[in-house]
Amino acid sequence: MAAAARLALRARPASHPNPSVGCLIVSHGRVVGRGWTQPGGRPHAEAMALAEAGDAARGADVYATLEPCAHKSSRGPACADLLAEAAPARVAIGAQDPDPRTCGQGIERLRDAGIEAHILDCSRTEASLAGYMTRARLGRPHVTLKLATSLDGRIALPDGSSRWITGEAARAHVHSRRALADAILVGGGTWRGDRPRLDVRLPGLEVRSPQRWVLTSQPVEDAFAIAGPADIARIPAHYLYVEGGAQTAASFLEADLVDRLEIYRAPIIVGSGLPAIADIGLTELAQAHDRWQPVERRALGPDTYEAFERTRQGD
């Protein structure tokens, strides 16, 4: 299932508005079919994997990161029906689809066809569907806040000079993260002062540049605008990548709308420069604890990349 989740990353974000799903078909210990959601949402991952597997799918094990769809569409057949026709022995499913047109019905249709079908919990599957699930459950995109700072938490010198805090490897990694987002957002001050391109400049991935948004109450050119973090439901995306500046970062953190925090830290000391984050309204230190769980850490040349997931008790 973890391997199927990695395949699903190939679909993100090109599969929008559909979720990025991965599917593997295994027969006698050998992978015979692989698939992921295609650009624009069709064909689905299961259809792609079944087309590759052909007759080898009969009696095989299928691993799909999301419950196979059960509803009819003018764009293609229901994946639950395709699987029922292919007759694998078992279908392991990473997550039940919250879409009411499928929720539970895809599993039921497989079982009615005599196929063993069950949910197989996997943390990688949850991560691969984070945008789709956040949109379905909360009505907004999954939000990643990116910060590039010095060791002492500064993003620029006192006069605002900020090129470059991090090195080439870290900046290339940022572009790879942008390529996984549907939309990217900066604050109005950053937009007007720097006029950032906010695109993807990695060879072969330029077409993955996300839609540009600005947090401002003023009109903007060559981008879309929202007045405040609470308006992100208007952004037609599963994944929103927020890049700054300090006030924008603080506003999203204060509204508790950040799901993932990605920090690039350069081995430099700036001193009395501009802070990465402005005041977020904490009144006591205890409020800062038990909110973030580290999930990834790596070296990028001389710089360090760390990722944290928001822990939301009871959600």
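Reader: Which residues are buried in helix 4?
Author: In helix 4 (residues 105-112), the buried ones are Gly 106, Ile 107 and Leu 110. Buried means under 20% relative accessible area, exposed is over 50% and partly exposed is in between, with a 1.4 Å probe and protein chains only. Helices (H or I, at least four residues) and strands (E, at least two) are DSSP runs, numbered from the N terminus.

Reader: Before we go on, what kind of model is this?
Author: This is a predicted model: local features need pLDDT of at least 70, side-chain atom pairs count only at pLDDT 80 or more, and totals for chains, interfaces and linings use all residues. Residues are numbered from 1 along each chain as its sequence is written, and side-chain values use heavy atoms, with hydrogens and water left out.

Reader: Back to helix 4, then. Why do its buried residues line one face?
Author: Looking down the axis of helix 4, the buried residues fall within an arc of 100°, so they line one face of the helix. The arc is that of the directions from the helix axis to the C-beta atoms. In general, an α-helix has 3.6 residues a turn, so residues three or four places apart point the same way.

Reader: And what covers the buried residues of helix 4?
Author: The cover includes helix 3 (79-86), strand 4 and strand 5, where contact means heavy atoms within 4.5 Å. Just after helix 4 comes Gly 114, with a positive phi of about 85°.

Reader: What are the buried residues of helix 3?
Author: Cys 79, Ala 80, Leu 83 and Ala 86. These fall within an arc of 125° seen down the axis of helix 3, so they too line one face. Helix 2, strand 3 and helix 4 are included in what covers them. Ala 87 follows helix 3, and its phi is positive, near 60°.

Reader: You mentioned Cys 79. How many disulfides does the structure hold?
Author: The structure holds 0 disulfides, a disulfide being a pair of cysteine sulfur atoms within 2.5 Å. Cys 69 is in none, with the nearest cysteine sulfur, that of Cys 79, 3.8 Å away.

Reader: Are Cys 23 and Cys 69 buried or exposed?
Author: Cys 23 is buried, at a relative accessible area of 0%, and Cys 69 counts as buried at 5%.

Reader: How do strand 3 and strand 4 pair?
Author: Strand 3 (residues 61-64) and strand 4 (residues 90-93) pair in the parallel sense over 4 bridges, and Asp 61 stands opposite Arg 90 in strand 4.

Reader: Why call strand 11 largely enclosed?
Author: In strand 11 (residues 239-244), 6 of the 6 residues are buried, so the rest of the structure largely encloses it. Strand 6 (residues 142-149) runs parallel to strand 11, joined by 4 bridges, with His 142 opposite Tyr 239. Strand 8 (residues 183-187) is also parallel to strand 11, through 4 bridges, and Ala 183 has Leu 240 as its bridge partner there.

Reader: Last topic: how many aromatic pairs are there?
Author: The structure holds 2. In one of them, Tyr 264 and Tyr 305 are tilted, 5.0 Å centre to centre with 45° between the planes. Rings of Phe, Tyr and Trp (its six-membered ring) pair if their centres lie within 6.5 Å; planes under 30 degrees apart count as stacked, over 60 as edge-to-face and the rest as tilted.

Definitions and conventions:
Pairing = 2+ DSSP bridges.
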